[in-house]
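Here is a walk through a two-chain model, taken one topic at a time. Keep the structure open beside the text as you read.

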Amino acid sequence: MEKMKIMLVDDEERFLETTRKLLARKGYDAVTAASGREAIRQLESRHIHIVILDVKMPLMDGIAALKEIKRRFPPVEVIMLTGHATVETAIEGLKSGATDYLMKPISIEALIQKAEEAFAKQMLLEEKIRLAQGRLFMKSPREILKKAKDPSAPD
Amino acid sequence: MQQAPYKAIQKIILASMILLPFIPFVLSLSIGYYFFAAALESNTVSRMERIVSDHRQMIETFLNERKADLEYILHAHSYEDLLQPGSLDVVFSLLQKESSAFVDLGIFNDQGVHERYCGPFELTGKIYLQTDWFKEVMKRGVYISDIFLGYRKIPHFVIAVAREEKGRQWVLRATIDSLLFNRIAEGVRIGKTGEAYILSARGILQTSRRSGGQLMDKCEDTLQYPEASAEIQTFIAKDIRGNKFLYATAWMKERHWLLVARQKKTDAFKDLYSAAYFIVIVSIVGGAIILATACCLTRHIVGRMAAVDAEKDQLNRQLIWASRLAELGEMSAGFAHEINNPLQIIKNEHSLIAMILAELKEKHRITAPDSLPDLEESLDQIDLQIQRCARITQSILKFGRKSEPAAMKVDLKQYIPEVVELVAKKAGVHGIKVLQKIPDSVPPAHVDPDQLQQVLINLFNNAIDAILEKHGSMGGELIIEGRPDPTGMIEILVTDNGCGIRADDLPKVFTPFFTTKPPGKGTGLGLAVCYGIIGGQGGSMAVESQAGRGTTFTIRLPVASP
C-alpha cells in the first residue's frame with residue numbers, strides 16, 4: 001500500500017510549520033505551500049494524494065486554487081479549511097470538487113481523520129481504475145495492439 | 001414624542017376649521033338679517049303711511065260732509081225762514097237723520113247773538129261776539145273749531161258757516177258729537193300698541209288716545225311738527241315715558257289739525273326682533289356645533305398624525321436596529337475569521353507541546369517530575385480556553401450569517417411537538433413539566449423550519465436554565481402556546497416560571513453580547529440571533545418578564561398563504 005502524502009496550503013507560515021511537524025510525529029509525510037500558486041508548482045513536480053487548502057488567502061483565493069488543482073490534477077483529493085464556515089463557501093467548494101471541508105480551529109486528530117478518509121476514497125478509486133485497466137489487458141492483446149497504432153479508435 | 005409641533009399643528013387646524021365655516025355662516029346670517037330688516041322696515045313704514053293717509057281721507061271726508069250738510073241748510077233756507085219758531089227744529093231733525101253726529105244746531109246774527117238754538121242745552125240769547133270761532137267764521141265764511149269747553153263746559157267742537165243776506169251776515173252753527181268723532185279717529189288699531197289721534201296746532205288732544213290722554217289734554221310728547229307739505233312724515237321718537245315709537249304724521253284741514261299714528265317701535269318691528277332673536281340662537285347653536293365639530297375633528301386628526309408618526313418612529317427604530325444588527329453581523333464575521341486563524345495556530349502549537357511532553361514523559365527524560373502535573377493541567381486549560389474561543393467565534397459566525405431563509409408552509413400543530421421532543425429529555429431530567437397548547441384553529445405559518453427550530457431550541461434552553469436557577473429539579477413548568485393574533489399573524493408564546501429577567505435588563509435581552517450568565521457560559525448572542533432570524537422571516541419577537549416570577553417570549557410569524 002502506498003504511503004499518504006499530504007500538502008498543506010495556507011498563508012500562515014507558522015501554521016504550516018507546526019502542522020507539518022505534528023504530522024511528521026504522527027508518521028505522515030507532509031509538504032507545505034504558502035500560496036495557491038506554489039501549491040500548483042509543487043503538484044507539477046511531486047506526487048501528492050491530499051491537499052488541505054485554506055479558503056481565504058491573498059493573491060489566489062482558495063476556491064480559485066481548488067478549481068485549478070481539480071482541473072489539472074483530477075485525482076488529487078482537496079479538503080477545504082476555513083476560518084469562516086459559511087454554508088455558501090462550503091457548497092461552492094464541494095461543487096467545485098472538494099472532498100470535504102473543515103472549520104478552524106481543528107485538532108490535529110480530526111485533520112488526520114479527514115485526510116485518511118479522503119485517502120481511502122482515493123485509494124478505492126485507484127483500485128477500481130487498476131482493476132478496469134487490468135481487465136482491459138485481459139481482453140484481447142490484438143485490440144490493445146490496434147489501439148496502440150490508432151489511439152482514436154474506441155475501447 | 002415631541003409635543004410642541006403637534007400643539008402648533010393643532011392650533012392651525014383648529015383655527016382654520018373654526019374660521020372657514022364661521023365666515024360664510026356669519027356672512028349669510030348678517031346678509032339675511034340686513035335684507036330682512038330693510039324689507040321689514042320699509043314695509044312697516046309704508047303700512048303706517050297708508051294708515052295715516054286712509055285715516056286722514058276718512059276724517060276729512062266726514063268733516064267735509066258735515067260742512068256740506070250745513071252749507072246746504074244755509075243756502076236752502078233764508079235767515080228769516082229759520083227764525084220762524086219751530087222751523088229750526090224741523091231742519092235739525094232732518095239733519096240728524098242725515099248724520100247722528102250732530103248734537104245741536106244754532107243760528108247767530110252778525111252781533112254774535114244766539115238767536116235760535118235747537119239742542120240739549122239752554123244757549124239761546126248767549127252772545128258769542130268775542131269767541132274765536134265766531135271771529136273766524138265771520139272772517140272766512142266757514143270754520144271748524146278745535147275742541148273747547150264753551151258755555152256748556154263740555155268738550156266739543158263746532159262747525160260754523162256764515163252767509164251774507166241782504167247786507168247782513170248770519171251764521172249757522174252745529175256741534176259735533178265728540179264721542180262719535182272720537183270713535184272715528186280712534187278706530188285705528190295696528191298690532192298691540194298701534195293707535196291714531198289728532199292734535200291741534202297747539203298740541204291739544206282732539207281725540208282721546210288709547211295709550212292715555214283725554215280729550216283736550218295737552219300732549220306732553222315733544223313732537224316735531226312737520227312742515228306745511230301734504231307729505232306724510234314718518235320718524236322714530238321717544239315719548240314722555242321714554243318709549244320709542246314709530247310715528248307717522250300728516251296735516252289735515254290746512255295745518256289746523258295734525259293726524260298722528262304711532263306704534264311702539266318694539267311692536268312695529270316685532271318680527272325683526274324675533275328674527276334677530278332667532279339669528280342669535282342659530283348663531284349660538286351653529287357656533288357651538290362648529291366649535292364642537294372642529295375640536296373633535298382636530299383632536300382626531302392630530303391623534304392620527306401622532307399615531308402615524310409614532311408608527312413611523314417605531315419603524316425607523318426597527319430599521320436602524322436591523323441595519324445595526326446587519327453591520328454588526330458582518331463586522332463580527334470578519335472578526336471571527338481573523339481570530340480563528342491564530343486560534344488554529346495556538347491549537348496546533350498546543351498539540352505539539354502536548355505531544356512532545358508525552359514523548360518526554362514516556363522516555364523519562366523529565367528532570368523535574370514534581371511540576372509535571374501542573375504543566376499538564378496548564379496545557380489542558382489552554383485546550384479548554386481554545387475551545388471556549390472557538391465556541392464564541394462559532395456563535396458569532398452563526399449570528400453574522402446572512403443565508404437566505406427558505407420559508408415554507410409549516411403546520412405548527414405538527415411541527416412544535418417535534419421540536420419540543422428535542423428538549424423533552426433534558427426537561428424531563430430536571431423535572432420540568434412541558435405543556436403544549438396548540439389549538440386546531442392555528443393556521444400554518446410561513447417560516448424556515450430549520451431557523452425556527454434554532455430559535456425555539458434557544459428559547460427552550462434559556463427557559464430550562466431560568467427554571468433550574470429558580471426551582472432546581474422540582475416544580476418547573478414550560479408552556480408552549482400557539483394562537484392567531486388580532487393583527488392577522490401567528491403568535492408562539494414560550495412561557496417559563498423561572499427566575500425571570502430584571503426590569504433593567506429587559507430592554508437589552510436582544511442586544512448582541514448581552515448576557516447575565518457567568519463568564520464562559522454564554523456568548524450573549526443567542527437571543528440576538530433569534531431576533532435576527534425572526535425579523536428576517538417577516539416576524540417579530542417580544543419579551544415580557546417579572547423578576548422571580550417567570551418570562552414569556554412571544555414570536556410573531558406571518559401566516560402562510562393558502
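## Cysteines

Let's start with Cys389(B), which is partly exposed at 33% relative accessibility. This is a predicted model, and it holds zero disulfides over all chains. How far is the sulfur of Cys296(B) from the closest cysteine sulfur? The distance is 7.2 Å, to Cys295(B), and that is too far for a bond. The cut-off used here for a disulfide is 2.5 Å between the sulfur atoms.

## Chain A at a glance

Chain A has six helices and five strands. Going along the sequence, the pattern reads β-α-β-α-β-α-β-α-β-α-α.

Chain A is 155 residues in all, and 43% of them count as buried. Look at contacts with a separation of 6 or more in chain A, and 62% of them come from residues 24 or more positions apart. The accessible surface of chain A is about 8,700 Å², with carbon and sulfur atoms holding 56% of that.

## Where the chains meet

Now for the interface. Its size is often given as the accessible area lost when the parts come together. Between chain B and chain A, about 2,100 Å² is buried, and 61% of that area comes from carbon and sulfur atoms. On the chain B side 21 residues are in contact, and they meet 22 residues of chain A.

Two salt bridges are counted between chain B and chain A. Have a look at Arg25(A) and Glu359(B): their side chains form a salt bridge, with N and O 2.5 Å apart.

## Salt bridges within the chains

Over all chains, the count comes to 31 salt bridges. In chain B, Asp411(B) and Lys413(B) pair up at 3.4 Å, N to O. Asp411(B) is partly exposed at 31% relative accessibility, and Lys413(B) is partly exposed too, at 30%. Another pair is Lys433(B) with Glu477(B), where the closest N and O atoms are 3.8 Å apart. Lys433(B) sits in strand β11 (residues 432-437) and Glu477(B) in strand β13 (residues 476-484), so this pair ties together parts of chain B that are 44 residues apart in sequence. Glu477(B) is partly exposed, with a relative accessible area of 26%.

Over in chain A, salt bridges that share partners join Glu44(A), Glu68(A), Arg71(A) and Arg72(A) into one network. Within it, the side chains of Arg72(A) and Glu68(A) meet at 3.8 Å, N to O. Why are these two about one helical turn apart? Because they are four residues apart in helix α3 (residues 62-72) of chain A. Arg72(A) is partly exposed, at 34% relative accessible area.

Is Leu259(B) buried or exposed? With a relative accessible area of 0%, Leu259(B) is buried, and its place is in strand β9 (residues 257-264) of chain B. Setting aside neighbours within four places in sequence, the contacts of Leu259(B) include Val52(B), His55(B), Ile59(B), Tyr197(B), Ile198(B) and Met252(B). Arg56(B) is also in contact with Leu259(B); the two are 203 residues apart along the chain, with 6.9 Å between their C-alpha atoms.

Ala196(B) is in strand β6 (residues 195-200) of chain B and is buried at 4% relative accessibility. Not counting residues up to four places away in sequence, Ala196(B) touches His55(B), Ala185(B), Glu186(B), Val188(B), Val260(B) and Ala261(B). Ala196(B) and Ala248(B) are 52 residues apart in sequence, and their C-alpha atoms are 9.3 Å apart.

Most residues other than glycine have a negative phi, and most peptide bonds are trans. Lys153(B) has a positive phi of about 60°. Lys153(B) lies in the loop between β3 (142-144) and β4 (157-165) of chain B and is exposed, at 63% relative accessible area. Lys166(B) also has a positive phi, near 50°. Its loop runs between β4 and β5 (168-176) of chain B, and Lys166(B) is exposed at 72%.

In chain A, the peptide bond from Lys104(A) to Pro105(A) is cis, with omega near -10°. Pro105(A) is in the loop between β5 (100-103) and α5 (108-139).

## A nonpolar surface patch

Finally, Leu19(B), Ile23(B), Leu27(B), Ile31(B), Tyr34(B) and Phe35(B) make up a nonpolar patch on the surface, with about 670 Å² of accessible area together. Leu27(B) belongs to helix α1 (residues 4-76) of chain B and is partly exposed, with a relative accessible area of 48%.

Definitions and conventions:
Residues numbered from 1 in each chain as written. Chains lettered and ligands numbered in written order. Predicted model: local features only at pLDDT ≥ 70, side-chain atom pairs only at ≥ 80, totals over all residues. Heavy atoms only, no water. Patch = residues over 30% accessible without salt bridge, like charges linked within 9 Å, V, L, I, M, F, W, Y side chains within 5 Å. Areas by Shrake-Rupley, 256 points an atom, 1.4 Å probe, with all protein chains shown as cover. Salt bridge = Lys/Arg side-chain N within 4 Å of Asp/Glu carboxyl O. Buried < 20%, exposed > 50% of the residue type's maximum accessible area, 1.4 Å probe, protein only. Contact = heavy atoms within 4.5 Å. Buried area = accessible area lost by both parts, 1.4 Å probe.
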